[in-house]
Amino acid sequence: MLISVREAEPALTTNLQEFPSDLLAVDLGASSVTLRVDPATYSLDALYGAAYIFIDRCFVLLDKPDASYRVTLAWKKREPTEDDLRGLVGEFTNELLSCAWRAKISQDSRALIESVTAQALGGALGPPTLDELEKFDFSDETFEDPLGIAMSWEDKHRKKAHPDDASPVDGDNVTEKKP
Amino acid sequence: MTELRLHRDLYSSTALDEAVAIYAPHGTLHRKDQPSHWVVEITAPSAERERRIAGALGNYALGLTVKGRRR
């Protein structure tokens with residue numbers, strides 16, 4: 001046990017039907033629930049994140065009896081009902097999943113965030129020196145623009161000259177013909 | 001007496017030290033560390049009070065551990 005009391009009362013253990021019995025045990029006598037968390041599914045950061053959210057509502061104790069983590073949520077004050085414990089377990093598991101997903105997103109976007117941060121810090125250093133400009137490599141190919149997004153409006157909508165036209169239309173030299 | 005056992009892989013020692021210092025006025029706390037766990041023996045006038053101290057101390061140590069990892 002995570003907390004051992006000298007004169008321990010016999011545990012009144014039951015299971016909540018909605019949850020797998022091998023993952024969750026409810027001890028009504030101690031007003032607590034114990035969950036087993038698979039570290040292959042939920043990282044330690046996710047477990048910490050979920051546990052941190054619940055420390056204002058209940059006593060949270062983490063343990064690692066074997067390869068998996070064990071989380072014990074104990075009610076702080078009043079005696080909880082079975083519905084209370086069911087709700088607590090549901091909220092904790094949802095929060096655990098949410099934290100795991102956020103940790104995954106954070107991990108995936110780490111390279112992008114570091115790149116943007118480096119560029120921002122590089123820009124804050126001030127304009128490049130003449131030596132740095134001399135060493136600048138202009139040989140890189142220009143970026144591809146298949147949709148013409150970087151093209152100006154005038155270039156994009158310029159009238160194509162017909163081969164029959166001898167000279168381009170000049171607005172100032174046009175003479176209006178009256179009927 | 002109540003014994004609080006916190007796994008070394010999950011709780012930092014400095015966090016537990018701070019937690020023990022915070023809750024020392026509320027009971028008699030004695031650290032007796034083991035190879036796999038940090039162990040705190042808690043003695044208070046009643047079992048319920050020992051339970052509350054153990055739970056709150058565990059929460060405090062967990063909170064400091066999590067904050068320490070985020071830095």
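Chain A of this predicted model has five helices and six strands, where helices (H or I, at least four residues) and strands (E, at least two) are DSSP runs, numbered from the N terminus. Followed from the N terminus, the elements of chain A come in the order β-β-β-β-α-β-β-α-α-α-α. Residues are numbered from 1 along each chain as its sequence is written, and chains are lettered from A in the order in which they are written. Local features need pLDDT of at least 70, and side-chain atom pairs count only at pLDDT 80 or more, whereas totals for chains, interfaces and linings use all residues.

Turning to the interface, 24 residues of chain A are in contact (heavy atoms within 4.5 Å) with 25 residues of chain B. The buried area between the two chains, that is, the accessible area (1.4 Å probe) that two parts lose on being put together, summed over both, is about 2200 Å², and carbon and sulfur atoms give 55% of this area. Of the area that chain A buries against chain B, 30% is supplied by A:Tyr48, A:Tyr52 and A:Phe59, which is more than any other three residues supply.

Charged side chains also meet here: the count between chain A and chain B is two salt bridges, each defined as a side-chain nitrogen of Lys or Arg within 4 Å of a carboxyl oxygen of Asp or Glu. A:Lys64 and B:Asp9 meet through their side chains in a salt bridge, at 3.3 Å from N to O. On the side of chain A that touches chain B, at least two residues each come from β1 (3–5), α1 (44–54), β5 (58–63) and β6 (69–75) of chain A, and β5(A) gives the most, with six residues.

Definitions and conventions: Heavy atoms only, no water.
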